[in-house]
Amino acid sequence: DEEPPHSVKTLFVAGSERVLLQDTLTCADISASDPDGTQKALRMPVALVVPHVYFARQQLMGGTSTSTSIPGPLDPPGQDSAIVVRQVLADFAGLENVNAD
């Protein structure tokens, strides 16, 4: 199993003597790939709020995306903007919508 060239690793501290690899997430934007799997864009990790990791990526004009684009105050009209997307950590898949109560 080959590791992606750009990835985010999350670690879990178990006691005072063990650190475990919890998850490895690729920074390749799968939704911005060609049908043959060629990578078009990278996404930058910006936050970790369990159970999600948040990534920023460039939203290209005319591109199709299910994420909401939020242009920044310095983005000129008609230019590419950045969007934030989230991904669930593997250990929490299926639990992301559970109430904390």
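User: Is Gln22 buried or exposed?
Analyst: Gln22 sits in strand S2, residues 18–26. Its relative accessible area is 18%, and the cut-offs are under 20% for buried, over 50% for exposed and partly exposed in between (1.4 Å probe, protein chains only). So Gln22 is buried.

User: What kind of model am I looking at?
Analyst: Residues count from 1 along each chain as its sequence is written, and side-chain values use heavy atoms, leaving out hydrogens and water. Local features need pLDDT of at least 70 and side-chain atom pairs 80 or more, while totals for chains, interfaces and linings use all residues, as this model is predicted.

User: What is the mean pLDDT of the chain?
Analyst: pLDDT is the predictor's confidence in each residue, from 0 to 100. Here 61% of the residues reach 70 or more. The chain's mean pLDDT is 74.

User: How many strands does the chain have?
Analyst: Helices (H or I, at least four residues) and strands (E, at least two) are DSSP runs numbered from the N terminus. The elements run β-β-β-β-β, with 0 helices. The strand count is 5.

User: Which residue's side chain makes a polar contact with the side chain of Thr10?
Analyst: Thr10 belongs to strand S1, residues 7–14, and it counts as buried because its relative accessibility is 10%. Beyond four places in sequence, it touches Leu20, Leu21, Gln22, Asp23 and Leu89. A polar contact takes N or O atoms within 3.5 Å, one able to donate a hydrogen and the other to accept it; sequence-adjacent residues count only if both atoms are side-chain atoms. At 2.5 Å, Thr10's side-chain partner is Gln22.

User: How far apart in space are the C-alpha atoms of Thr10 and Gln22?
Analyst: Along the chain the two residues are 12 apart. In space, their C-alpha to C-alpha distance is 5.3 Å.

User: Which residue's side chain does Gln22 reach at 3.2 Å?
Analyst: Beyond four places in sequence, Gln22 touches residues including Thr10, Leu11, Phe12, Leu89 and Phe92. The 3.2 Å pairing is a polar contact between side chains. Gln22's partner there is Asp91.

User: How many residues are in the largest nonpolar core?
Analyst: Such a core is a set of buried Ala, Val, Leu, Ile, Met, Phe, Trp, Tyr and Cys residues joined through side-chain atoms within 4.5 Å. This one holds Val8, Leu25, Cys27, Val53, Phe55, Ile83, Val85 and Leu89. S4 and S5 (81–88) each supply at least two of its residues. The core's residue count is 8.

User: What is the relative accessibility of Phe55?
Analyst: Phe55 lies in strand S4. Beyond four places in sequence, its contacts include Val8, Leu25, Cys27, Ile83 and Val85. Phe55 counts as buried because its relative accessibility is 0%.

Terms used: Contact means heavy atoms within 4.5 Å.
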